[in-house]
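Subject: Structure for your review

Hello,

I am passing on the structure we discussed.

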Amino acid sequence: MPIDLTIADAAVARAGRKPEALIPILQILQERYGYLPEEALRRVCLTTDITPAAVAGVASFYDMFRMQPTGKHVVRVCRGTACHVAGAERVEDSLRRHLQIPNGADTDRAGQYTIEPVACLGTCTLAPVVRIGESTLGYTTAEKVPELMRDFLANLATATAVKSTEDQGEHRPGVRAEIHVGLGSCCMAKGSDRLFHALRESAEAGGVNVAVKRVGCVGMCHRTPMIEITTAAGKGEFYAGLSPEHAAALVQRHFQPRGLVQQARRVWTRVLDSLLLDAPTEQRSVQHFSMSKRDPAVRAFLDKQVHIATEHFGKLDPLDLDEYLAHDGFAALARCLGTELLARPHPGPLPQERENPSSVFEQSSVGDSSCDSRTSQSRRKLSPLPGGEGQGEGEATHTSKITQSLLTSAATREAIISTIEKSGLRGRGGAGFPSGQKWRVVAQQTNDTKYVICNGDEGDPGAFMDRMILESFPFRVIEGLAIAAVAVGAREGIFYIRHEYPLAVKRVRAAIAQLEQRGWLGESLLGVGAPLAPTQGERVAKPDGGQPQSYPLKLSVFEGAGAFVCGEETALIASIEGERGMPKLRPPFPAQAGLWEQPTLINNVETLALVPWILRNGAEKFAAIGTAKSKGTKVFALAGKIRRGGLIEVPMGTTIREIVEEIGGGAAAGRRFKAVQIGGPSGGCVPARLADTPVDFESLREVGAIMGSGGLVVLDDTSCMVDIARYFLQFTQDQSCGKCTFCRIGTKRMLDILDRLCTGRATRPQLEELERLAVQVGAGSLCGLGKTAPNPVLSTLRYFRDEYEAHLAGRCPARKCTTLIKYTINGDCTGCTLCAQHCPVDAIPTTPYAQHVIDDAKCTRCDTCRLVCPHNAVEMK
Amino acid sequence: MSDSFTISIDGRPVAVQPGESVLTAARKLAIDIPTLCFLEKCGPLNTCQVCLVKLNGKLVPSCGTKVTPGMVIESETEEVHEARRTALELLFSDHVGDCLSPCHRLCPLMLNIPLMLRHLEAERWDEAIATVRQALPLAGVLGRLCHHPCEQGCRRGNWDDPAAIRDMEKFVTDQDFQKPETHLIPRKPATGKRVVIIGAGPTGLAAAYYLAREGHSVTVADRQAQAGGSLRAVGENQLPVAVLDREVALLARLGIDFKFGVELGQHVTSEGLARGFEAVLITVGELAPAEGAKLGLALAGNSIKADPNTCQTPLEKVFAAGSAVRPQKQLVKAMAEGRAAAECVHRFLGGQPARRPEKPFSSLMGRIDPGELKAFIRSTHSGGSVAPCDRCAGHTRPEAAVESSRCLHCDCRSSGNCVLQHYAQTYGANASRFRAERRPFEQQLQPGGIIFEPGKCILCGICVKLTEMAAEPLGLAFIGRGFDLKISAPFGLEVEAGLERVAAECVQHCPTGALVFAEKKLAAANGRGATSVDGNSAESGQTA
């Protein structure tokens, strides 16, 4: 079939002809063609400065690019940590069988389905996760696969595509009541978007004056879809675990719609009543809890949390700039620019008055006045820039003075940087490098051109903090990045966001577009110093007697193309420059010579999200939280074998036990909490007996883990620690760029030995070699990925050597390693034939009313028989 | 320049300029830091990680690390060496290819058999005899009597018949003997050291051959009236006496002095000999019962006592080897013992501790499957073993050339010229430290005469960089990622397609045998004409 080359030409026209346009061009081609046809690539080489070698190298480096067409439907199977421990492999096997995808291929012969493993979809609380087309399916199991595919096809046939929720920014003046619907990626995967539309429709149909409002992540992923209803009286109520069918009833219950049959209302109300309060929540499909802290589970989940990076979570519409402004948004940046913002009155209903019982979401929020709506209409009085040289506290005149004279001057920059330094902020991306120090190095460089980059290439399997922050608080991260730009003297900023996070990309792009539209980005940050656009309602107040200079800042989004290693700074830069994401030797550090050889500040999403708060509340206030060397809070993605998974933000120094047992509610009933995996592929496993270890940079390092980006996967007694080590080595092997010998081959040889262990074929000398090689790979690798890759092995060897020993003897104590276990049926079998019916490989002959027998040679250990057996007669040994 | 400063490497100061690398600084001190991916004009590529040094408690690649004032570097320490060795061993764990062919490795005398066969195939008779004589003493004898372990290891044998290696040795020596002046291996300048060897059997004669070539003055004494020992007892049909005599004559031409009718313990004593010579080597052959007592040497049972690693007897300067120490059943092994003893004596004479010759390093690809064999067969003569028309006269020249062209050339074309192999030998790397499933052997014969063997590529990136610097229209690229990373031309084209401008440069700087020219191309480049030297060129249009 001839290829339509106008697509290639259009891609070039859109992305440009320079070598660095390569990845964006390939992304467009991939999106339009579904793969990268050779003719199109040759065309690109002909029409641009891009060389064939560059195209070949780059196209084959990143996961998102394919050289072959996909099937009609792409089934993405998440291989993240949480999914892995929840049995993703079995799901993948089952999908392959069901979709008849031959071994070694990724597409079935009929070209209907392509199965595509993904390193991590970042929806860990729904593990195991499968994404088919646009819809994300959580809690999948091997035996549910046929049903899952049936539903997918049925939905396809009825064409019930879910409407986008991304164009829902409008405000309705005069509306006093609101329904907040959490619309993060994971909420949506559980149907929040459908609920959102159902609520809107119900409200409209009933003529009810209520704003159904999109908000960001609510954190309690284990209970979504979740809504909060606030009425004019300021009363807020929460519903969790809802489905779209409940929408009408909810509207009726709270807002007395017109023209509805009374009877119907009574019926529905009764249904909802039955789901109300105080009954044990876990037994119900729809749960409701009040915002007073009556629900102990909610209390436990929220009590220990402190929200800084996630300030106002569950409250803000991610893309409502005015709402962000009303909640102190851009105030910190304004001060850095020597001005103050006069926020536009918030058009929505007033948030609760202070005397009302405040929302649970605010209970533990620090900086309590920040949400106080009464201040949102008045000009903000800000304390002077903390760290400014000897200025008095809290006097507006002083503020003006500093800002007039020192606008983005060396002294202002110094003030910002020293505030960050004093706050003790350390990078949240993994290594915990002091942020202020990094900023200072970039600021000290004398180059004219400098860059700031927000590292949103959150690749750790089992981590989704950055996705959530970008999806929920795009303006906050932008503000943080803009402050960083001002501090170091950069005029261009780039958001590097992985393409697996489409919603995050979309929202950051939309947020940037809004700011540009308002004239707040581009030639003049926040419009300071630029002529006011006459139609805009908001304006920037200038300090008396001075005309602040404008600060130009251009922001753009660069979508990653699927390579974990691009989280490494030098690889990330290579990627932006249009190259394969291969790390370079440091020094020189990016702070000295980064993007295009210019000084470049790269900060993680969460780090930047903390910056505005620190500048608004002062370094001291931030430094008061946390431990001696690790200040402030840390956001964790809590997932794995735990009751209450979700997104949490806790002060540094909170113990693992507090997180796992109090916030997360511990392991599931009947299971024993065994360890937590912290820090992903670079981190380690901390055993339950060390659960009192405080979570801070130093303590975690001491116990052989690292903070990492904040993925925290809880493991229980069904998790095999050798398998976990193997899992992570497999991950680093898949993600290694292949540049240096130790990482490319060393991690492969480690994986070989782990594979042997997990299949009972390893010898003691090989185990010793594993340990020796782990140390050498750590010492000899070029970049951080390779240097830290052995950590999961070293930490499990340190704490769970007995499990390695057991594997040497051919035993898997957790019964996870499939070649070391065997399924049998015991005498409790009644011959009901269920197992035989469900066995996908016909390993169980149907023998009605007689004890069934499993043919071990055929058995694939998919666990289906054990799950379907009503008599618990299937045993796993 | 005034802004030069000093850094310290292994405790030695060295003056450096800003911007220099640690590697450059080390080279000033003549420290041989191994590098594979480093080529000055490409700048540091930092891929091989073999040039690691220790800086501030961390291992860093010396090629990419710039000097800073006061820098303290450790290079030649066991820890650093272990890291470098591990890097090499990791590379070998994924290195598909043998440096040395199995026949070469199996030859107790380490004859470079594939090289001999390539010379024969190309009818380079002089080079062929030189190659044989380089390794083999009494080559004409071995060409008739050797039990040829080489042929048992020959991979061609898994297809049809092994190459007739022993017959080719015979052919080469027979050809040579027909010339008025037979080939004489060069001798190093005289050392002035005198060695006496007692026993002119295979072990003694072999030892004499190697020692004489090293420039030592060698005397061989035997109680018999002729040299050859047990070889004299072999029947005429197997070993014509004339052949043995010619070989012995060759030894005499090499300057070896023969004394006959001299018996140890009767005419001379070991102590006496030790006084008159710098070294004594006893190779009297298997001792008859009670014969040992007469020799005046320490015995173990009925054999002479000698250290197996050094061939030294308890008596100073006196060495012993061969069946006198341990009965040898195979001729070539008895001669290999002579070779080992010669190395021990040679080292001893040079003031070094005596030890047997080191086994040359070789990467090992192990068993090859029928599919891979096919790739090798493609470029060889397709038929089975070529029997000589006249069995007695042996192979004719054309017959020998065809028989030789059956060799699979399964050794590496870069052996002896390979940086990876060199440093593996230097660092005592164990090529099989990491047992792993290996990739299939692949050989891409390019139309222009380049041979690309991807399994030998260590992904140093030099060729990728060179093509980029030369602005090759297509160039080469890294394809894929991680363990599946490979080098290829874009759009799945052959490597040669990416090498329009810098092919020769890439081949020259390839640190292994991944990118080489076929012999035909090489011969043309060396002005030897386009004789078809390499069977590969016969079907060179094909690609694996």
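This is a predicted model: local features need pLDDT of at least 70, side-chain atom pairs count only at pLDDT 80 or more; totals for chains, interfaces and linings use all residues.

Interface

Between chain A and chain B, 44 residues of chain A are in contact with 39 residues of chain B. The two chains bury about 3,200 Å² between them, and 59% of that is on carbon and sulfur atoms. The rule finds two salt bridges across this interface. In one salt bridge, the side chain of Arg481(B) meets that of Asp63(A) at 3.0 Å, N to O. Polar contacts between chain A and chain B come to 19 residue pairs, both residues at pLDDT 80 or more. On the side of chain A that touches chain B, at least two residues each come from helix 3 (38-47), helix 4 (52-61), helix 27 (721-735), helix 28 (741-758) and helix 29 (764-780). Helix 28 of chain A gives the most, with nine residues. By type, the residues on this side of chain A are 17 nonpolar, 13 polar and 14 charged.

Helix 9 of chain A

Helix 9 runs over residues 192-205 of chain A; its 14 residues reach 20 Å from first C-alpha to last, close to the 20 Å expected at 1.5 Å a residue. This helix is mostly covered, with 10 of its 14 residues buried. Among them are Leu195(A), Phe196(A), Leu199(A) and Ala203(A), along with Asp193(A) and Arg200(A). The buried residues of helix 9 pack against strand 5 (177-182), helix 8 (185-189), strand 6 (210-215), strand 7 (226-230) and helix 10 (247-255) of chain A. Just after the helix, Gly207(A) has a positive phi of about 65°.

Backbone geometry

Most residues other than glycine have a negative phi, and most peptide bonds are trans. The cases here go the other way.

- Arg586(A) and Pro587(A) are joined by a cis peptide bond, omega about -5°.
- The bond from Pro587(A) to Pro588(A) is also cis, with omega near 5°.
- Gln100(A) has a positive phi near 55°. Its place is the loop between helix 6 (88-98) and strand 2 (113-118) of chain A, and Gln100(A) is exposed at 63% relative accessible area.
- Leu459(B) has a positive phi near 55°. Leu459(B) lies in the loop between strand 14 (450-452) and helix 16 (462-469) of chain B, and is buried at 6% relative accessible area.

Regards

Terms used:
Residues are numbered from 1 along each chain as its sequence is written. Chains are lettered from A and ligands numbered from 1 in the order in which they are written. Side-chain values use heavy atoms; hydrogens and water are left out. Helices (H or I, at least four residues) and strands (E, at least two) are DSSP runs, numbered from the N terminus. Buried means under 20% relative accessible area, exposed over 50%, partly exposed in between (1.4 Å probe, protein chains only). The expected span of a helix is 1.5 Å times one less than its number of residues. Contact means heavy atoms within 4.5 Å. Buried area is the accessible area (1.4 Å probe) that two parts lose on being put together, summed over both. A salt bridge is a side-chain nitrogen of Lys or Arg within 4 Å of a carboxyl oxygen of Asp or Glu. A polar contact is a pair of N or O atoms within 3.5 Å; within protein, one must be able to donate a hydrogen and the other to accept it, and residues adjacent in sequence count only if both atoms are side-chain atoms. Ala, Val, Leu, Ile, Met, Phe, Trp, Tyr, Cys and Pro count as nonpolar, Asp, Glu, Lys and Arg as charged, and the others, Gly among them, as polar.
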